[in-house]
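I set down what I looked up, one topic at a time.

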Amino acid sequence: MNTTFDMFLETEVPEDELIISRTDLSGNIIYVNETFADISGYEPEELIGKPHNIIRHPDMPQSVFANLWATLQRGETWEGYVKNIRKDHGYYWVFARVSRLVKDGKTVEYKSVREPISTAKKIQMQNIYDAQRKKEEGISRVVLYVQNDKLTKLKEFEA
Ligand SMILES: Cc1cc2nc3c(=O)[nH]c(=O)nc-3n(C[C@H](O)[C@H](O)[C@H](O)COP(=O)(O)O)c2cc1C
């Protein structure tokens, strides 16, 4: 029997650094700062030119992003809590502000600046998004808690 493990590890977002990305009008990444690359586990050149949904976590409800785009289209700034997925399938939570970059009265780009959130807020938002996905998409998230002694036994079994 083949057994595989997937560990979903959380990456802490630093308090003192800004996580910045910019996209074209279709949401393709045109710039990331070094902190963004570090947090997401990609090299900047792996991200440039890719749709921003490259870091979309499956736990995020579709309606959150529909709301984001509708807000930008109205010319307003969107703010919200986002769980993103890393290249190594780990994840990180941020509070994001997404807004337009306007030149000569025309929207030319979008930009996003993010900051860390508290553990309590992460738990609250996970519950809210889980409930939202269940209601809107009929999808339930399965969480499996493995006690330490059982994990040790599993590791022995693997060896
Ligand atoms: C400036 C900007 C930043 C964005 N940042 C993120 C982000 O950090 N994570 C994310 O999942 N989507 C982000 N999005 C939204 C994505 O473009 C996309 O709508 C979302 O990932 C949902 O993917 P989907 O449209 O394929 O369902 C951002 C969009 C813009 C314009």
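Predicted model: local features only at pLDDT ≥ 70, side-chain atom pairs only at ≥ 80, totals over all residues.

Entry 1. Residue numbers start from 1 along each chain as its sequence is written. Helices (H or I, at least four residues) and strands (E, at least two) are DSSP runs, numbered from the N terminus. I count two strands as paired if DSSP finds at least two bridges between them. On that basis β1 and β2 run antiparallel and are joined by 3 bridges. I noted that S21 stands opposite V32 in β2.

**Entry 2. Overall make-up.** I counted 5 helices and 5 strands in the protein. From the N terminus on, the order of elements is β-β-α-α-α-β-β-β-α-α. The C-alpha atoms fill a box of roughly 65 × 35 × 30 Å along the principal axes. I call a residue buried if 20 or more other C-beta atoms lie within 10 Å of its own, exposed if 12 or fewer, and partly exposed in between, with C-beta atoms placed from the backbone. Buried residues make up 16% of the 159 residues. For contacts I require C-beta atoms, placed from the backbone, within 7 Å. Among contacts between residues at least 6 apart in sequence, 47% join residues at least 24 apart.

**Entry 3. The sheet.** In what order do the strands of the open sheet lie? I read β2-β1-β5-β4-β3, 5 strands with antiparallel pairing. β2 (29–32) and β3 (78–85) stand at the edges with a single partner strand each, so one side of each is left without a neighbour in the sheet. Neighbouring strands are turned by 30 degrees against each other on average, direction ignored. For such angles, axes are lines fitted to C-alpha atoms, for helices over the stretch in contact, and values run from 0 to 180 degrees between N-to-C directions.

I then followed β1 (residues 19–23), which pairs with β5 (residues 106–115) in the antiparallel sense over 5 bridges. I19 stands opposite R114 in β5, and the bridge partner of R22 in β5 is K111.

Helix α3 (residues 62–73) lies across β3, β4 (91–103) and β5, and I read its angle to β3 as about 140 degrees.

**Entry 4. The nonpolar core.** I define a nonpolar core as a set of buried Ala, Val, Leu, Ile, Met, Phe, Trp, Tyr and Cys residues joined through C-beta atoms within 7 Å. The largest one has 13 residues, of which I19, V32, F36, I39, L47, Y92 and V94 touch the most other members. β2, α1 (34–40) and β4 are the elements that give two or more residues to this core, and β4 supplies the largest share, 3 residues. Leaving aside neighbours within four places in sequence, I found I39 in contact with T11, V13, I19 and Y92.

**Entry 5. The ligand shell.** Which residues come nearest to the ligand? Of the 18 around it (C-beta atom, placed from the backbone, within 6 Å), I listed G27, H52, N53, R56 and Y110. The shell divides into 8 nonpolar, 8 polar and 2 charged residues. Here Ala, Val, Leu, Ile, Met, Phe, Trp, Tyr, Cys and Pro count as nonpolar, Asp, Glu, Lys and Arg as charged, and the others, Gly among them, as polar. β1, α3, β3, β4 and β5 each supply at least two residues of the shell.

**Entry 6. Loop residues.** R86 is placed in the loop between β3 and β4. R86 counts as partly exposed because it has 18 C-beta neighbours inside 10 Å. Beyond four places in sequence, R86 is in contact with T11, S40, G41, Y91 and Y92.

H89 belongs to the loop between β3 and β4, and its phi is near 75 degrees, a positive value in a residue other than glycine. Most residues other than glycine have a negative phi. With 12 C-beta neighbours inside 10 Å, H89 counts as exposed. I found D104 in the loop between β4 and β5, with a positive phi near 50 degrees. D104 counts as exposed because it has 5 C-beta neighbours inside 10 Å.

Notes
Contact = placed C-beta atoms within 7 Å.
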